[in-house]
Structures are given as C-alpha cells and as structure tokens.
Number of protein chains: 2
Amino acid sequence: MSDMLMSDVEQTEAEYLAAYEPGDFPRPSVTVDLVIFTILDRDLKVLLIRRREHPFKGALALPGGFLRVSDDADQGEDLEAAAHRELAEETGLPLGSVWLNQLGAFGAPGRDPRLRVITVAWFALVRPDLAPLVEAGSDAADAGWFSLTELAGEPLAFDHRGILDAAVARLERDIEHTDIGYELVSRRFTITELRSVNEVILGRKLDPGNFRRSFQRLIEDGVVVETPGERYTGRRPAKVYRFKGRR
Amino acid sequence: MSDMLMSDVEQTEAEYLAAYEPGDFPRPSVTVDLVIFTILDRDLKVLLIRRREHPFKGALALPGGFLRVSDDADQGEDLEAAAHRELAEETGLPLGSVWLNQLGAFGAPGRDPRLRVITVAWFALVRPDLAPLVEAGSDAADAGWFSLTELAGEPLAFDHRGILDAAVARLERDIEHTDIGYELVSRRFTITELRSVNEVILGRKLDPGNFRRSFQRLIEDGVVVETPGERYTGRRPAKVYRFKGRR
DNA sequence: ATAATAGTGTCTATTAGACAATATCCT
DNA sequence: AGGATATTGTCTAATAGACACTATTAT
C-alpha cells in the first residue's frame, strides 16, 4: 500500500530545486534602519535625517534603506552587510570603524503607509572623535546629531520613535552589563571620560572613587592597559588608558 | 529665488500616497521561525519538525511559516501575531498560554536555496505541564520534543542550527538575569522544581541552601507567594509557590 | 594660595558561594 | 529506624555604594 503511494515521482533535492518556481505570494519589502549613537558635549546624540520627500516629509527619521535582494543564485546582500553599507553611506566613516549590533525586527502593518515594510533595526556606536567627521561625510545633507533629551517629545517618521526608544533601553541595559562603554570613548581615554559616558547614559552621577576602583579591577584583569601620555584639561592631568583587543 | 524652486508641483502627503505606485524592485520573502523550549525529565527540549518535502527533506527543522502580507490597505498580519499564530498552529496550545519573545532576524543569502528569505526568529517557553499536550495537538504529525544534548552534533535544515544556538545562548544569559525561569515551571511549583530548571539550563548543580536563600528574597519582595497545598514526591513534601502576576 | 580634578581609605550593606548541620516526612 | 529531601546556619569572598580624605597640577 505505502509502496503505491511512494511510487509517484520521487525527486532528489537537486531536481526539486531545478524545477522550483516561486509562487506569486505577496512579499513585503525589507529595509535596514540604523540607530547611530554618539556622545558629544556630555550628551547622548543620535544621527537623524530630515526627510525631503513624502511620506513624513519634513519629519526626522532614522537613516536606513532597502535591503538589496535578487532572485538570482546569489540572492543579494547579507542583512548585516546591508547595515554596514548603509552605515558607511550615511556617516562616511570607514567600514569597521564603528561598532554595530542588531536590535531586532519591526514590522507592524501600516508602519509605512505606502507598502508593507519589515525593517531590521541595528544600533551603532560612534566614538566621539569620529563623530565630527560624520556630518561632513554624509550623503544626506540634512543629516545631523540630535540630542536625545531635546528630542524627547518630538515625533519621528514611521515607527522610528519606538525603534529609538528600544535602542535607548538596550543601551541603558548593556552599559551596565557589557563592555560597550568603550565604544563611546576615543581609543585613548581617561577614567573620567569613561565615567562620563556611563553617567550620560545612566542619567546619574557616579562616584569618582568607586568608579575608579571598579576600573582598577579591569586593569588587573588585563582588559585595559595604561598607555604613555597624559590628558591636559586645564587641571591636573589624568592618565590615559587603552582598551586591549581593539584595532 | 527659493520661491521659484518651490513653484513646481507641491503635493500633500495624501496626494502623494494616492498617486503612489510601488516600483517592482525585487523583494525577499519573510518568514517567522520558532524556537520552542520546554523542560521534560530534567532535560532541555526543543520542538522540531521532520521535513516531509524538499528542500532539506527528511531533516529536522524549526517550526515556522510565511508572514502573511498584502498590498491592500491593511497590509496583512503583524510580525508578533504571525509568531503567535504559528505557535498555536504548531503546538495546539491556546493563544497566550506560552511566553514568546523575539530573538532576531536572520537573513544570510542562500539560507533557503529556493529563494531569498529573511526570517524573524522567536523563542518561546512552554511550561512542562503543557508540553505533553503539544505532540497531540500539532498539525505536523512529525513534530516532537528533542533533547538538546542528543541534538548536539545533528545538522538541522536551513540555518536553523545557528538560530537554535543563538536561542540557547540567549536562554542561558536570561536565566540568570531575568524571571524567565518561571516560564519553565508549572503555575504552582516547589523551590526544588525551580532550582532544577536553573540547573538544567546552566548545566551545573546549584546549592539547595543557597538557592533557597535567594528565593527567600523573592518572597520578601512579593514576587512569589506561597500557596496552599503540598507536593508529594515520595519523600518529605515541599511547599508550593506561585508566581505573582501571572494569569 | 586656590580651585579643580585625580586618586586613596574606610565603612556598610548586599550577594554568591562553599559547606556543615538540623528538621521533617515517607517508607 | 533509615533515607531522602527540605530548611537553616555559618563563614568567606566579592561587589556596590556612601562618604571622607589626600595628592597633584594649572592658574
């Protein structure tokens, strides 16, 4: 009996794929959006673009763009590659100089009024010494760093307000449990600069003495090493450190 | 001067949308895939399906399916709704009885040999008292719980091995920092049962006395409350607790 | 000298963990 | 009574935080 059922065409996978014809089910568009943070003037900033075209013309939006796909054999670019590409296009910064991590997918119906769009959001951290280069290098003349505090009430295009809020929440969580703080200081930094980054993100002052002690543990663990030179700030100069294991 | 430039057609957003015609840029397909965990016999299990059709015919795969979208005004279902729908279809469990959370988007070219597919992966935790209902209720007769330890070397269909590994890593991280442990015990549970869940996921024995003490703090904080009844295990019965703030 | 920042000392409270001891209850 | 599990006790080490204090340097 089962032989009877099995007796019809038994394909190999190669045969199946050769004969495969994609149905014409409707597909959504897929984009990547970037939440790019930096810290300038002791303030958390995000890179936004003033939209010149509809929809949401005139509103602020996260930089991003469509994922390049094809129905050819190569199928187009990787998701993360697309994020890196957009990052380079929007900031002008060399590939690999910016820390990038996936935030998640956002795809509520109606988030783009034109058509169904699923976006994969990424958050990126730009060292403050690179941040000034961004405004000049961006291909969108209306791109710029916006203070998160000033942006508080401001509505953004699409569902970008929700994405931004999710990114900020993630940042606050990660700053306490991971090493991402190092991504928001220059390569060579003082303890105070690192503490300031933490203070800005956490939104509260940290005790300099206690912070130094916890930093001391990182030195002992070899995570961070002292480097020659000092930082002159008009007062007593501070020692300069370097995050070990960084290009 | 600028008046001159502005003097050509100035559309409102409504006009723009009414006239909007989507270009025929190629779009990827979008799916949702589920990593559904439970704990049975003091062992972490994941729900997998034996594929009956090409591609990867005969291989084990994560349950999942295509996101339903449309070019109509409603644009189709929400991403999370799709995950919930697939979860209900694959497990037969009532909507809302299972904890569900987004893991992330996976979209490497070639991950589906047929066509370009971006998948949004979700991880779900099924209470052990509901787990036995799953195999019966599933629409895929070949669905079943597989031990993660036994699955260690086993290759899975598509890039599902990578997704599964990411989910396990997330589980290990979250079990120490969040409350998800409660999602893997019955509604009424003993301290030992909760400890066992942690032991299984962390892969090491935990001191009963120390674990009890940390649990004590949760009682004091009102996170968890004692409930009437005891649990008979053949030995000394244990007190039964309930996670406060659960349906 | 003064102001400002860098860095140290000290104390308390909390927590994780190792490990021993006692309590309770089923068989 | 014996055995298994629940529960309590005790000690140590690590950590976070509050807060006072000393050190160094530009002005």
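The questions and answers below go through helix packing, a sheet, the chain contact and some backbone features.

Analyst: This is a predicted model, in which local features need pLDDT of at least 70 and side-chain atom pairs count only at pLDDT 80 or more, while totals for chains, interfaces and linings use all residues. Residues are numbered from 1 along each chain as its sequence is written, chains are lettered from A and ligands numbered from 1 in the order in which they are written, and side-chain values use heavy atoms, with hydrogens and water left out.

User: Why are H6(B) and H7(B) called roughly perpendicular?

Analyst: Helix H6 (residues 191-202) of chain B packs against helix H7 (residues 208-220) of chain B at about 110°, and their axes are 10 Å apart. Axes are lines fitted to C-alpha atoms, for helices over the stretch in contact, and angles run from 0 to 180 degrees between N-to-C directions. Angles of 65 to 115 degrees count as roughly perpendicular (under 35 is roughly parallel, over 145 roughly antiparallel, the rest oblique). H6(B) and H7(B) are therefore roughly perpendicular.

User: Which residues of H6(B) and H7(B) meet?

Analyst: From H6(B), B:Ile191, B:Leu194, B:Arg195 and B:Asn198 meet B:Pro208, B:Phe211, B:Arg212 and B:Phe215 of H7(B). Contact means heavy atoms within 4.5 Å.

User: What makes E8(A) and E9(A) edge strands?

Analyst: Helices (H or I, at least four residues) and strands (E, at least two) are DSSP runs, numbered from the N terminus. Two strands pair if DSSP finds at least two bridges between them. In chain A, an open sheet has the order E8-E10-E9, with antiparallel pairing. E8 (188-189) and E9 (224-231) of chain A each have a single partner strand, so one side of each has no neighbour in the sheet.

User: How many bridges pair E8(A) with E10(A)?

Analyst: E8(A) and E10 (residues 238-243) of chain A pair over two bridges, in the antiparallel sense. A:Phe189 stands opposite A:Tyr241 in E10(A).

User: How many salt bridges cross the interface of chain A and chain B?

Analyst: A salt bridge needs a side-chain nitrogen of Lys or Arg within 4 Å of a carboxyl oxygen of Asp or Glu. Across this interface the rule finds zero. The contact takes 44 residues from chain A and 44 residues from chain B.

User: Where is the cis peptide bond of A:Pro55?

Analyst: The bond from A:His54 to A:Pro55 is cis, with omega near -5°. A:Pro55 lies in the loop between E2 (43-50) and E3 (60-61) of chain A.
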